[in-house]
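Here are my notes for your first read of this entry. Keep the viewer open and follow the points in order.

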Amino acid sequence: MSFIEFDNVCKYYTMGETRIAAADHISFFAERGEFCVIVGPSGAGKTTVLNMLGGMDTCDEGRIILDGREISGYNPRQLTAYRRLEVGFVFQFYNLVQNLTALENVELASEICPDPLDARKTLEGVGLGDRLQNFPAQLSGGEQQRVSIARALAKNPKILLCDEPTGALDYNTGKAVLGLLQDTCRRTGRTVLVITHNGALTAMADRVIRIKSGRAISNEVNQNPIPVEEIEW
Amino acid sequence: MVKRTYRKNILRTVRGSLSRFLAIFAIVALGSGFLAGVLASPIDMRISADSYMDQSNMFDLRIVSTMGLTGGDMEILKELDGIEGVVPAYDTDTVLLSELGDTHTARIHTLPPDGAPEMYTPALLEGRLPEKSGECAVILTKSFTGESDWVGKVLTLDSEEENDDIIGEFTVVGTVRSPLYISLENERTSAGTGSVDLKLYTVPESFQQDYYTAAYLTVEGARELDSFGGGYEKLIDGISAELDTLGEERALVRYNEIIDEANGELADAQQEYDDAKSEADKELSDALRELEDGERELENGRQELADGKKKLEDGQKELDDGWAEYRTETANAQKQIDDGWAQVSGYQAQIDSGLAQINSAQGQITAGYKELEASESKLAEVKAKLDSTRAQLDGIDQGKAALAGAAAQLGLPEGDGSDSWAIETITLLEQAAPETGAQFAELKLGLEALRAQGTDSASARAALEAGLAEYEQGIKQAQQARAQLDQNQYRLNSQLSELKKQQAALDSQKGQLYSAENTLEAAKQDTEKKLRDAQKELEEGRREYENGLAELEDGEKELAEGWEEYNKGKAEAETELADAQNELDKAREDIDAIEQGEWYVFTRDDNVGFSSYASNADKIAAIATVFPVFFFLVAALVALTTMTRMVEEERQQIGTMKALGYSPVQIAGKYLLYAAAASLLGCVFGVTAGMWLFPTVIINAYSIMYDLPKVLTPFSWQLAAFSAVTATLCTLAATLNACWNALREVPARLMLPKAPKAGKRILLERVTPVWSRMKFTQKVTARNLIRYKKRFFMTVIGISGCTALLVTGFGIRDSVSDIVAIQYGELCSYNLIVWLKDESALKDPELIELLEDESLVLDSLAVLQDSGAVAPEKGLPADDITIFVPSETERLPEFFRFRHRRDSEPVVYGEDSVIITEKLSERQHLKVGDSITVKNQDEAEASFTITDICENYVQHLLYISPAAYEEGFGAKPEMNSLLCRLPEDGPEGGTDALNTALLGCEDVAMTTSTEELSSSFNNSIQSINYIVVVLIISAGALAFVVVYNLTNINITERVKELATIKVLGFYESEVAAYVYRETAALTAIGTAAGLLLGVILHQFVIRTAEIDMVMFGRAIYAPSYLWAAVLTVLFSVLVNLVMYRKLTRISMVESMKAPE
C-alpha cells in the first residue's frame, strides 16, 4: 500500500441549483519520501485535493488513506488532531501571524505538537538564523515563506503540503523556496507534496500527478529529477 | 442615476454587515435613550407636579399677617390687578384627640367659603367634603394614613390647648388628598409635638375668630406657566412685591384699629388698678393696728410670768430645806432604836446560853436518874435470883436429909451427905426400893443439874452467900447515888428560875423598843406626806408657769407670723401693685411699641413638600449629567472602531470609487450615511423607550416621598432632538475620523492591500521574567491589546461602565436597605416609643404598673425628644433636629447604640457628652470640637461643643445630658416620651393589647413602634429595586454591545489568521481561547476599573439623591461587588457564547485566500 492513496474520491459543491464536482472519482497514490508535484490548470481541483488530504475538508465519496490510515473516515476532531500532528502546511500567502515574531510564529505551531523540532534551529535551517526576532512585516516575501516552511517543519509532520508556495513570490525567491523544499525532502526524507499550476516544476519532482476537471489524468514517476536551480521557466 | 446605485450600495452594505450596523444602532439607542430619559426625568417630575398643582387650583401666594387679616383686607386684595382669586381662611395648629386616645398635632385648614373661588381643591378619597361647622375631612399623605376608617370618627380639641378660636369637636366626614401636602415630610409647628402629623379641612364656620389668619391667592396667568420655571417665578415675584407694599398700607389701617381698642382696654385696666390699690392700703393699715395691740398684750403676760417664776423658785428652796431636816431627824431616831436593839440582843444571847447550860445539866441529871433506876432494878433481879437459889439449895438439903433417913432405913450406908453420895444413894434406892427411890427423882434432877453446871450444892451455897453480900453492897451504893442526884436537881431548878426572871426583864425592854420604832415610822410617814404634798403643789405651779410660758411663746410666734404675713402681704401687695403698675406701663409701652403689623407673603416655595420636591428634581438633574457621559463616550468609541474596520475592509472599493471619479465627500458620505442611519434609528428607538422608562422609574422611586396622583411622561421633541443630534454627531465625528486617512490616499495605493500593521514590541516584553514565562498565545493577546488602542478603550470603558452601573445599582440597594436594618436592628434597641402629654404621666401608677410588668415591657427610659432646629452658619440649611435628652444619662446607651459608622467603634456617651448624628455633621460642616447652636421647641437658643459624632440614618439628632440641657436652655428638660424595650417574642397578649393599655393611661398621647416605622420604610424602598433593575439592564446592554462589537471586529479582522491556526491544528476551543483571551483580559481590566468607578459613582449618586432628613448607608457590601463583577463577566461570556458559532463557521479555506 502506498503512503498516500486517493481512491475514487469525490467532492461536490452546491452552487444554487447546480452541483459541481470539484473532485470527480479522483484516484492516485504517492510513496513515502517522495517530492510530489500535483499540477493542473486553475479550477482543476488541485486545492480541493490538497484540502482533503490536509484534513481541512472532507470528501463526499471514496477513501483517502495516509500511511495506512483512512482519513476520509475521520470526524472533525480527529481531523484537527490529524492536522495538528501529521501535516505541515505551507500557504501561498505565508499566513504568518503579524503580531508574532518569526520565532514565535514557528513556536505557534511547535507548541501544540508532542514531538516538535527546535524552533530556533528550524529557522536557522531555513536560513533565517539572524531574523528570529523580526516581525513578518519586517521580512521580505521569500523570508516570510521560509518562516512559513519552518513553521510547517517544526511540527515534525509526516507530510508537508504546499499550496502554490511560490505564487506570491518573484522568480528567484520562488526558486530558492522550492530549493529549500526539495532540499528538505532529500535531507529529512519527509514526503513533500506541492500543488502548482506551473508545469515547469514537474522536472524537479520525484512524482508528478496531473489533474484536470477533478480527475487525475496521469501519475508518473520522474526517474531523473533535476535540482530546481537548473530549471528555468 | 448615480444616486440610486449609491443608495443601493449603502443598503447592501447595511445588509451585508448587519452586526456592525446593529452595534452602532444599539449603543446609540442606549446612549440617547439614557440621555433623553434621565434628562426628561426631572422635567417630567416638574411637569407632573405642575399639572397636579394646576388641576387642584393650588394657590400661588399665601398672605399671613402678624395682626390677622380683615374682611376689608380681602376686599382690597380682590381689587388688586393681577390677582385672579382670593380665599380668606382660618388656619390653626392645635392638638386633637382621637376616640382611640391618639393625640395628633393637627393643622386645620378651611375650605374656601361660599362665593370664593376654588382653591387648593382636595381630591375626595372617601366620604364627602365638610359642609357645616364641626365637620372635617382628613388629608391623607404619604407619611400619614392614621386610622383606617376615618369616616365617622370624632376628633376632640385637647382641653389643655385653650384654643378658643375653634369649636371643640370635629366629626370626620371624608378623607381627601390635598395639593398642600405632597411630601411625606411633616411641617413644623409650635403646637403639640412640634411636627404636624394630622391635617384637616373644615369649613370656615368651625372657627370663632373675628379676623382671618390667612389669605390664599391665585395670580392671573400663573396657571399657564410652569410652577418651577423662571417665568412663573418672575410673575409671582412681581405680584409678591406689590403685595408687600399693599401690606404696609393695610397693616397701618389694622394698626390703628388695634391701638384704639388697646387704649380703651388700658384705661379700664388703670381704673381697676387704682381701685385695687386703695383697697389694699386700707387692709394693710388695719392689720398693722391689730398687730401692735397684740404686741402690748404679750408684754403684760411676759411680766406676770416672771413673777410666777420667782415664787416658784422660793417654794422650791423651802421644800428642799424641809426635806433635808426630815432626813437628819429620822436618821437620829433610827440610830437610837438600833442601839437599843443591839443591847437587847446581847442580853438575849446571854440568857439563851444560860438556858442552854441548864438544859444540858438537866439532861445529865435525868440520865443519872435513869441509870440509877436501871442499877436498882438489876439489884432486885439479883436478889430474886439469889432467893430462888437459896430455896433450891434448901430443898436439896432437906431432900438429903430425907434421903439419909430413907437410906438409913434401908440400910444403906450413911454417907457424908455430899451430892455424889446423894446421887448414888438415890440410884441405889431406886434399885432397892423403887417406890422410895421415885420420891427422890426430883432431888436427883436437881443435883445433876448442879453437876452439869460444874458445881455442887456446897459451892453453890458458898456462891450464894457471896452474892448476897455483894447485893447488900450494891443497895448501899444506889442509895448514896440517889441522894447526890436529888441534890443536883435542886440546884438546877433554882438556877432556871433565876434565868426566867432575867428573861422577863429583857422582854419588857424589847417591848419598849418596838413601841419606839412604831412612833418613829408614824412620824416619818406624816412628814413625808407633808413634804410630798408641798412638792406636788410646787410642780403644779411650775406646770402652770410653763403653760403660761408656752402660751406666751405661741403668742409671740403668732405675732411674728402676723408680722411676717403683714410684711409679706405688704410686699406682695406692693409687688403686685408694682407689677400691675409695670404691666400697665408695659401695656402702655406695648401699645406704644405696637409696630405696624407686617404682612408675610409666601409663595409655593415656602411649602415644605413643594420646595423639597423641586430640590429633588434638581438632584436628579445633577445625576442625569453623569450617566450619559459613559454611554456617549462608549458610543463614540464603538462607532470609531466599527467604522474604522469598515473603511479598512472596503479600502479597495474606496480606491475603485475614487478611481471612478467619485469625490471624497461622496465616498465619505456613504459611511457617514451608514453611521447616521444606524444612529438615527438607534435614537428613535432609544429616545422613545428612554423618555418613558426613566421618568417612570425615577418618579416611582420618588413616590416613596411624594404623593402625586399621576405621572406624566410627555414626549419632548427638544430632548429627543438634542439626544439624537448629540448621539449622531458623536458617531459621525467618529466615522469621519475613520474615513479620513483612507480618503487622503491616492486610488492606486488604495487598490493595493494595506500593508499589514507591523507587529510591535510592547513594554511588557522588557520585563523578561514575566514575558519569557508567557505562552505566546498570551503574548499575541498582550500585543493585540496594546496594538488596538481604540478597541482597548472602547471595551475597557464600556465594561467598566457596565460594572460601575452594576456596583451603583446594587450599592444603592445596599445603602437604602441598610437604613432600616441598621437603624432599627442595630442602633435602636427600643421597640416602642410612648409619647406623653405631660411629664407627670411618669407618676401615673397605671402606667408604672404596665412598664414594670416584665412580660410586657422589659425596660423603659424616659426621654425628652425636643423638636428643634439648627441655627445654621451662613449659607447652611436650617435643619430640623430632635434634641434628645434622657432622664438617666447613663442608661441611654442601653437603648441606643452610640458608635462610629466607619469602624463601628463605640462612642462614649456620658454626662458631658454632646453627640450629633453623622448626616447633621455633614450638612452643617461640623466636626468634633466645633460648636453647634440650636433652638429648642420654645425657640430658646443654646450652643454646645460637640464631643462626638455617631452613626444614625433617620432624622438629625443631638444627644445631650439633662444637666447640659438645663444649663444650655435654662429650663429643666421635661420628659415627653418613653423608650421601651419589649420582650423578645413580643409582649404578653400581643402588641396591640399593650398599645391599647398604654393609650388607656392618662396623659399617654400616642405610641409608635419601630417595627411599624421600619416596615413602612421597607415597603417604600421596594421601589428602589426598579432603579436597580433599570441599571442592571442598562449595564447588561452596555456590556453586550461593547463585547459584541469587540468580538465581532476581532473575528472579522482576523478571519485569515483564525483559519490559519485552524489549519495548523488548533482545536475549536483553542481557537476560541485565541480570540476570547483578549475579550477576557479586557473584561477583567474593565471590571476592575469599573469596581473603582462604581464606588465613586455610588457615592456621588447617594450623596446627591439623599433626602435631607435621612442618611443612606455609605457602604457597598462585598456581595454587591461580587455580583457586579460576576454579572459583568457573565454578560461578556454570554456574548462570547453567541459569537462562538460565528467562530466555528470560519472556513479553513479562508486561509487560502489572498490578503485583502
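Which residue is the bridge partner of B:L97 in β7(B)? Find it before reading on.

1. **A strand with two partners.** The model is predicted. The residue asked for is B:T156, which sits in β7(B) as the bridge partner of B:L97. Strand β7 covers residues 154-157 of chain B, and 2 bridges join β7 to β3(B) in an antiparallel arrangement. On β3(B) there is also a pairing with strand β4 (residues 103-110) of chain B, again antiparallel, over 6 bridges. In that pairing, B:T94 stands opposite B:A106 of β4(B).

2. **The turn and the cover.** β3(B) and β4(B) make a hairpin, with 5 residues between the two strands. Look at B:G101 in the turn: its phi is positive, about 100 degrees. Strand β3 itself spans residues 92-97 of chain B and is mostly covered, with 5 of its 6 residues buried.

3. **A four-stranded sheet in chain B.** This open sheet has the order β2-β10-β1-β11, with antiparallel pairing. The edge strands are β2 (83-89) and β11 (599-603) of chain B, and each pairs on one side only. From one strand to the next, the twist averages 20 degrees. Inside the sheet, β1 (residues 61-69) and β10 (residues 212-219) of chain B pair over 5 bridges. One pair to locate is B:R62 with its bridge partner B:Y216 in β10(B).

4. Strand β1 of chain B (residues 61-69) pairs antiparallel with β10(B). Helix α3 (residues 71-79) of chain B packs on the sheet and touches β1, β2 and β10 of chain B. Its direction makes about 165 degrees with that of β2(B). Helix α4 (residues 230-410) of chain B lies across β1, β10 and β11 of chain B. The angle between α4(B) and β11(B) is about 155 degrees.

5. **Nonpolar cores.** The largest nonpolar core has 308 residues. Which of them touch the most other members? They are B:A215, B:V634, B:A635, B:V638 and B:V1041. Helix α2 (residues 18-55) of chain B gives this core its largest share, 21 residues. A second, separate core has 10 residues, including B:I396 and B:L447. Leaving out residues up to four places away in sequence, B:A635 touches B:I27, B:V28, B:G31, B:A727, B:C730 and B:T731.

6. **Chain A in outline.** Chain A has 6 helices and 10 strands. Of its 233 residues, 52% count as buried. Among contacts in chain A with a separation of 6 or more, 69% join residues 24 or more positions apart.

7. **A four-stranded sheet in chain A.** The order here is β2-β1-β4-β5 (chain A), an open sheet with antiparallel pairing. β2 (18-30) and β5 (69-70) of chain A stand at the edges with a single partner strand each, so one side of each has no neighbour in the sheet. β1 (residues 4-15) of chain A pairs with β2(A) over 9 bridges. There, A:I4 has A:A30 as its bridge partner. Helix α1 (residues 46-53) of chain A lies across β1, β2 and β4 (61-66) of chain A, at about 65 degrees to β2(A).

8. **An enclosed helix.** Why is α5(A) described as largely enclosed by the rest of the structure? Because 13 of its 14 residues are buried. Helix α5 (residues 141-154) of chain A reaches 20 Å from its first C-alpha to its last, close to the 20 Å expected. Just after α5(A), A:N156 takes a positive phi of about 55 degrees.

Key
Residues numbered from 1 in each chain as written. Chains lettered and ligands numbered in written order. Predicted model: local features only at pLDDT ≥ 70, side-chain atom pairs only at ≥ 80, totals over all residues. Buried ≥ 20, exposed ≤ 12 C-beta atoms within 10 Å, placed from the backbone. Pairing = 2+ DSSP bridges. Expected span 1.5 Å × (residues − 1). Contact = placed C-beta atoms within 7 Å. Axes fitted to C-alpha atoms, helices over the stretch in contact; angles between N-to-C directions. Core = buried A, V, L, I, M, F, W, Y, C linked by C-beta atoms within 7 Å.
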